[in-house]
Structures are given as C-alpha cells and as structure tokens.
Amino acid sequence: MNSIHCYCRLDDQQNKPDSVTMDESTEKEETNKCDPPVILVGSHKDKVINAKGETIGIECKKKIESYVKGVSDDACGHIRSEYFISNTKDDDSVFQKIKQDILTLARGMKSWNKAYPLKFTQLEKSLQEKMIELQIPIITFKELMKISLETPMPMNDEELMLFLKFHHEIRAIVYFGDLPDFIILDTQWLSDAFKCIVTAEKFQFDVSRHKMKEKLEDLNVRGILHTEVLDDIFKDERNVLYKHEQHKDAILNIMEKFDIIIPATRDNANEKPCYYVPCMVKSKPENDIYEMFNVTKDTCKKSTWLCFKFRFLPPHLINHLIASLSRNYKIAVVDTPRQEKREIALFRGIAVFELEETIKLRKLLLRTCPNLIQIQVLEFRKEIKTGMYKHIASFVTEEIDKIISRRFKMSNVKFEKKWKCDLKNTDSVTGLIDFSAEQDKIYYCEECTTTHEFNNEWSDLEIITPCLSQSSENIPSLNLNPESSGQIQRTETSTKVRVHVQAGDRVFSNVNQEATSTASFSGFTKEEINFTKMGMIVLNILADASYDLLKPDKPNLRPRSDCDITYLYSEHRNLNKHIPSNSWGGLWQRIQHTDLAIGDDIERIRLTRNELQHSRIFHLDDTRFNELCNILSDLLKRFDHYNKPARLYSDQLNEILVKTVSVEEVKLVENDILGMAIEVEIEHQVNVPAQ
C-alpha cells in the first residue's frame with residue numbers, strides 16, 4: 001500500500017467525468033480517495049475462527065485492520081472495498097461480483113478508453129509470442145528492430161526508443177540506454193532473478209554452502225554480498241539464473257541502477273569484489289554510534305541535525321539515499337580493537353560516511369526515524385562555522401530530489417527541511433525548527449532546557465534574500481478581478497483578454513517593455529537562482545522549440561524575435577495539428593507522464609511559462625525546480641527528435657543548468673517575466689470597457 005501511494009497523484013485523485021455531479025457529502029468522501037483504487041480480497045474465510053458473539057465478517061475485518069496498522073492514513077485512501085471469500089463454500093456469484101467491481105472502477109479511471117498507438121499493440125503482441133520461444137526473456141535492441149520489421153506496421157529507430165521508454169516507465173519491460181543488449185521483456189523474471197541473489201538464505205541448506213556459512217551470515221545480517229556467494233547462486237540449478245552466468249554482469253549492473261546493491265570499495269586490486277545490499281541489513285549498532293567512533297566533547301564537535309521531514313516517507317527511500325551517498329563518499333569502517341573482522345558502519349536505518357577519506361577527520365552520520373531523514377556532521381578537526389556544510393546539505397537535498405522526482409517519479413512524496421539541536425533525541429520527530437534568515441544566534445532548547453549557539457552550518461546567513469525597495473504594500477499583485485486598481489482593455493482578437501496591472505509608477509505588460517524592477521540586490525538565494533535559470537529555459541529554449549515546430553506549417557510566420565510563447569501557443573491551437581491527449585488548455589494534473597504526444601508537450605510549455613509568469617516573488621524552490629527540469633529534459637529530447645535543430649535543445653538546457661548566474665541575468669529575466677502580459681483565455685468574444 002505504501003509503495004502504491006508513492007506514485008499516486010493527490011491532485012489527480014478524482015477522475016470522474018465532468019458531467020458527473022455529486023452532492024456535498026459524496027464530494028467530501030471522494031476527496032479522501034486516492035487513485036489507483038485498491039480492492040482487498042481475503043481468502044480462507046472458512047478457516048477464520050470467530051470469537052464468542054462475533055460474526056465471521058467482524059473477525060475478518062479485525063484481521064484486515066491488523067494488516068494495515070503500519071500503513072499511513074493517506075495510503076489507506078486507495079482502498080475502495082473489501083471482500084472475504086471462502087475457498088470451499090462460495091460459488092461463482094461471489095467472484096463475479098468482484099469482477100464487476102473491478103470493471104466499474106476501471107471505467108472511472110482517466111486511462112479508460114484512451115487512444116493507444118496501434119504500432120505499440122502490434123509489437124507488444126509479437127514480443128509476447130517471442131517470449132514463449134526464449135529460454136530467458138532477454139533480447140538486444142537489434143533483435144527488437146528485427147521483430148518490429150516483421151509486424152504489419154514497422155517502427156523506425158526513434159519510435160522504437162519511444163516504445164522502450166514508455167514501457168519502461170509503466171514497468172512493462174526493463175530498458176536502460178547504456179545497456180542496449182539487455183532488454184528484459186518479463187519484469188517478473190527479473191524480480192525472481194533479484195530474489196535469488198538478495199534472498200539467498202533459502203538456499204543455505206545445501207551441503208556445499210556450509211563452507212561459506214560466515215559469508216552467508218554477512219549477507220543476511222550485515223548486507224555484505226561476497227563474490228563466492230554470487231558464484232554459487234549462478235550454479236544453483238533450482239533458480240532462474242542457473243547456467244546463465246553470461247548475463248551475470250548485466251544483471252548486477254541493473255541491480256546497481258535500482259540501488260539494490262552498492263559496489264564496495266576495494267583497498268587493493270587483489271581483493272575480490274563484493275557489494276553492499278542495504279535492504280538486507282538487519283543488524284543494529286551493538287553500542288551507541290557515538291561511542292563506536294569515539295565522539296566525545298573533547299574529541300569531536302557535532303553539527304546540528306539537518307532534518308528532511310516527510311508527510312509520508314517511503315520505506316525504501318533511505319536505501320536509495322545510502323546508495324547515492326556511497327557513490328560520492330566511502331562508507332566508514334568501525335575500528336574496533338581485538339576484533340579480526342572490521343565492521344562497516346552500515347546498519348538498519350543508520351549509515352556513517354567518510355567525508356575526508358584519507359585523514360578520516362570528518363564524517364557524515366545518516367539515520368532515519370518515522371517520516372524523518374536526518375544527517376549530522378561529526379567534525380574531529382575544525383570549529384563549526386556558518387555555511388560550513390552548505391555544500392553537503394545541497395548535495396543531499398539534490399540527491400533526495402533526484403530519487404523522488406527524476407529516477408522513480410514518486411510524484412506524491414514531498415519533504416521540507418528543518419533543523420534541531422545536536423543533543424536532541426535522534427528518534428524524536430518533535431521540536432523541529434524552520435530555517436530562517438532571522439534566526440537568533442542564541443536560542444533556547446526545550447529538549448535540553450538550556451540555551452545553545454546556532455551556527456547555521458547548513459546554509460549561509462550572509463546570503464540575504466533580495467529586498468524590494470518599496471514596502472510590501474506597494475508590491476504589485478497580479479489580480480485578475482476587473483474591480484482591482486488596474487487597466488483592462490479589449491484587444492482585437494476575439495479570444496483573449498489582456499490585463500495590464502499598474503502599481504505606483506510601474507505598468508507590467510508586453511506592450512510596455514520599459515518596465516524595470518526596482519529591486520536592490522545584495523546577494524541571491526538558491527530559489528532565485530533556480531527561478532532565473534528556469535526563466536532562461538522558458539524565454540529562450542522552449543520558445544525556440546515551439547517556434548521551430550510551427551514554422552514548417554506557417555510560411556508567413558513572424559520573425560522569432562517577435563514571437564513569445566503566448567503567441568506561439570495561440571498559433572498552434574488555431575492550427576490544431578498537434579492535438580493534446582486531453583484537449584487544449586488543461587491544468588498540470590490533467591497531463592499524465594505517459595501523455596507523450598507533441599500536443600501534450602505544447603501544453604507543458606504553456607503551463608511552465610504560466611507558472612513563472614504568475615509568480616510574485618521570483619523564487620522557485622529546489623523540489624519544484626527539479627520537477628520542472630525533469631519534465632523539460634524529457635520534453636526537449638522529444639523535440640530534438642521531431643524538429644532536428646542544428647543545435648540540440650537538450651544541450652542548451654544542460655548549459656543553462658550548469659552555468660553561473662550573473663546579477664545582470666537575474667535582473668533581465670525578472671524584467672522579461674514582468675513584461676509578459678497576463679492573458680486570460682476565454683471561449684467567446686467579450687467586450688470589456690477601459691476603466
């Protein structure tokens with residue numbers, strides 16, 4: 001249930017047709033529901049023993065409640081109905097009722113009756129037939145091309161890549177661009193292959209495995225996978241990997257990509273390779289983690305805790321984060337006297353990394369508790385100063401964003417950053433403090449009942465948020481209400497209303513290009529830099545892509561310098577060649593990640609432009625910035641294939657993402673965004689007199 005909830009979209013819960021009307025009580029009930037819907041079916045009702053005075057149904061419900069006890073309330077919102085069936089007494093009518101319930105729910109889903117490329121269906125059918133012939137469900141890209149050529153409607157290379165990416169997205173196949181000779185057609189087979197490796201405990205009864213008893217214990221308790229264990233697994237005739245050692249490296253590569261295994265650092269070339277398996281770690285620290293690394297007041301200074309607070313924390317996210325951090329930092333080793341085997345600092349929900357691998361005088365402690373991931377730096381050498389670890393905070397934040405938004409697209413998982421006292425109980429989720437530029441240097445800690453000095457080592461207090469020279473009362477509000485203190489004029493087009501909002505001596509519209517920002521800058525926040533970079537992407541790359549798409553179909557198109565996204569979108573809509581999957585003018589939540597038509601990308605460009613243009617503070621937080629980068633990266637790759645520009649849009653995107661933003665660029669982007677007209681699209685001609 002928790003895994004299902006990671007990938008649902010709360011803002012797209014209600015997929016009912018617009019024609020369906022609901023009363024207030026029904027609407028409230030629907031608001032608490034999440035898609036996709038889940039039906040719980042409990043079998044063996046005939047084996048349930050009811051307590052005295054209780055019915056079988058009540059006992060069954062008690063069982064269900066015990067199973068969902070650890071499931072969050074939000075995740076339980078997926079449950080629609082529950083059935084308890086007898087394996088021996090129930091007739092077909094009971095099962096028919098379940099089928100009908102599933103059909104009814106399916107018809108209410110947004111994906112029901114959705115258009116689907118015929119070419120995809122033909123190739124899917126051919127691949128299903130091919131799988132029956134294969135001993136192991138793996139093919140190469142060349143073999144896929146050959147199979148496609150034998151279908152009634154063959155695909156070209158670009159269409160095949162789209163087919164692979166789409167089916168990888170929906171978990172129907174597994175494909176990675178850097179492993180073109182290892183396309184897995186059956187995800188269940190891959191799951192079984194993974195289980196042979198990470199659940200090797202079930203094979204321990206073999207006589208041959210008594211020789212590696214300690215190595216198997218390393219895997220099952222400490223999460224260390226030795227080469228000898230791997231070799232033995234591939235020789236076991238009872239599993240799906242038997243006699244398929246030629247695929248060993250590719251399978252291990254895919255396990256790395258899914259963060260199931262982490263290559264361990266070898267101290268010398270003669271050592272046999274081994275892997276860490278975070279999901280297999282069951283051991284907890286035998287002693288206090290601070291004692292294990294000799295952390296005392298005299299030897300070490302501890303930073304405050306940087307906390308990532310989640311409303312809902314996926315249980316496997318910590319394993320992905322450990323894998324991400326291990327690619328940059330070596331997992332620390334506990335140097336315990338009088339012990340032959342050195343213990344790595346990887347425990348259940350806890351890990352320690354060396355930030356300075358050579359001298360080992362700075363370590364990163366990572367640990368988790370319910371709905372909270374927290375990190376702390378253990379400093380054995382220097383005094384902790386303001387902004388000292390902001391690069392670490394930035395790196396960890398970006399890795400979490402990448403895991404959630406880009407790699408696994410867990411659109412329902414959000415977090416916020418807070419901090420707490422370094423002495424505070426690590427398992428406590430209370431008393432978290434918001435980051436603020438106005439935070440006092442000295443603060444009172446209710447947990448310790450004493451005062452502490454706050455260094456703000458995770459950020460930089462000297463970076464001042466840009467302050468407008470005008471008072472907050474004079475900041476223009478983009479109000480579309482005709483009764484506001486603005487000017488509303490009718491335009492010549494019958495489908496647009498242009499709103500020019502005036503505040504003080506400034507008028508913001510695309511007619512008056514002389515509007516300038518009076519903000520004074522003494523430094524930039526990360527959020528403002530994010531906004532500036534996204535503005536560059538929107539004003540230049542997205543507009544170029546939209547213009548290049550329109551140009552072949554509109555011979556007398558204006559010069560590019562005279563075309564903004566608003567005008568280009570209007571022309572695309574009038575042309576009506578590239579029609580979005582969900583019609584024109586929708587909201588973000590109406591566009592699914594599987595909507596890959598050119599018209600869907602035109603809508604994404606419009607929505608991104610609107611999101612920036614409606615911003616009043618010119619800030620874009622890291623989470624939303626990364627989400628938009630992920631969306632636009634995929635979008636521009638599709639435009640690269642379709643438009644075939646002389647210089648790839650995706651290359652231009654990467655250049656902007658890595659560039660250093662100047663003061664002039666920040667001002668220029670803000671002025672350009674302010675210079676956009678707020679255009680309210682309407683379906684019929686309106687007459688609005690000038691005020």
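**Reading the model**

Reader: How much of the protein is buried?

Author: Of the 691 residues in the protein, 45% are buried, meaning under 20% relative accessible area with a 1.4 Å probe and protein chains only (over 50% is exposed, in between is partly exposed). This is a predicted model, where local features need pLDDT of at least 70, side-chain atom pairs count only at pLDDT 80 or more, and totals for chains, interfaces and linings use all residues. Residues are numbered from 1 along each chain as its sequence is written, and side-chain values use heavy atoms, with hydrogens and water left out.

Reader: How many helices and strands does the protein have?

Author: There are 21 helices and 26 strands, taken as DSSP runs (H or I of at least four residues for helices, E of at least two for strands) and numbered from the N terminus.

Reader: At what angle do α6 and α8 pack?

Author: Helix α6 (residues 118-133) and helix α8 (residues 157-169) pack at about 70°, and their axes are 11 Å apart. That makes α6 roughly perpendicular to α8, a label for angles of 65 to 115 degrees.

Reader: Which residues meet there?

Author: On the α6 side they include Phe-120 and Leu-123, and on the α8 side Phe-163 and Phe-166. Contact means heavy atoms within 4.5 Å.

Reader: New topic. Where is Asn-319 found?

Author: Asn-319 sits in helix α14 (residues 317-326).

Reader: Why does Asn-319 count as buried?

Author: Because its relative accessibility is 16%. Leaving aside residues up to four places away in sequence, Asn-319 touches Pro-278 and Cys-279.

Terms used:
Axes are lines fitted to C-alpha atoms, for helices over the stretch in contact, and angles run from 0 to 180 degrees between N-to-C directions. Angles under 35 degrees count as roughly parallel, over 145 as roughly antiparallel, 65 to 115 as roughly perpendicular and the rest as oblique.
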